[in-house]
Amino acid sequence: MYEIEPASDRLNKTMTVLQGHLANALPPITWQKLPADFPLPDEPVESNLQPLLAAALRESLELAGLILESMLIASNFGLCATVGDKTIVKAPDWVYVSSVHPLPSGEVRRSYTPHTEGEKPALVMEFISATEGGEYSINPHYPYGKWYFYEQILRIPIYVIFHPQIAVLEAYFLVEGKYKQQSPDENGRFWIEALGLFLGVWMGRKAELEAYWLRWWDKSGNLLFWGSELLEQERQRAEQAEQKAARLAQRLREMGINPEEL
């Protein structure tokens, strides 16, 4: 008696075969630095939250002393590859590269070509706006979908997609050449080995905006603070010190001692 293979299994096998054919059909990939006069896409951000999310992620890393000169951390910044005779440029909302080649003095980095200018990115993030912008696209043909570009062409180890309107954070790790969705820990966070930090969602206020933000936590579960939070902590410490000094002065007076004469 023959067993009938479930339709879902047949579909998965078919998709695997098709994806394999598509990957094999990919033209040769080369890593050519963009010429200085190459016109980069200049698309406006889809909301005022996107640049704030990116800046907040960098800010806490910088204040914690975790950014080195050899790193590249950028937002809406072009990542480049040449596929066949086509130059491909995609600009993720946030990118982290652990080590890049230094630029000559006075030169400004306009884009980044992995392997030619340093290591490939360890992490890219996309922030979904009200209208999806192709973050899940696996289009295997020019100009290629973002997902396909990060997974099959650049082969970036971690791809993060964040839906700030609904506080949904997804992390995909490259496993045997394909992105596999990861499950968060008990705190709803993902361990990002390349940075030695957890990434998770935090609800609160920053830059006069109440929203869901992406935040970093260290391996002990301590939140990496923003500058405004550090200032508030310092203000509270100063206020507590003043209150303590006032209580001590009052106690001395009660004992008949003038604290100003000490």
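Guide: His 163 lies in strand S8, residues 158-163. Strands (E, at least two residues) and helices (H or I, at least four) are DSSP runs, numbered from the N terminus. The model is predicted, so local features need pLDDT of at least 70 and side-chain atom pairs count only at pLDDT 80 or more, while totals for chains, interfaces and linings use all residues. Residues are numbered from 1 along each chain as its sequence is written, and side-chain values use heavy atoms, with hydrogens and water left out.

His 163 has a relative accessible area of 14% and is therefore buried (under 20%; exposed is over 50%, partly exposed in between; 1.4 Å probe, protein chains only). Beyond its neighbours within four places in sequence, His 163 is in contact with Ile 128, Tyr 136, Val 168 and Glu 170, contact being heavy atoms within 4.5 Å.

Now the sheet. Three strands form an open sheet in the order S11-S12-S13, with antiparallel pairing; strands pair if DSSP finds at least two bridges between them. S11 (190-192) and S13 are the edge strands, each with a single partner, so one side of each has no neighbour in the sheet. From one strand to the next the twist averages 45°.

S12 (residues 197-206) and S13 (residues 209-217) are joined by nine bridges. Phe 198 stands opposite Trp 217, and Trp 202 has Trp 213 as its bridge partner. Two residues separate the strands of this hairpin, where Ala 207 takes a positive phi near 55°. Helix H2 (residues 49-63) lies across S12 and S13, at about 35° to S13; axes are lines fitted to C-alpha atoms, for helices over the stretch in contact, with angles from 0 to 180 degrees between N-to-C directions.
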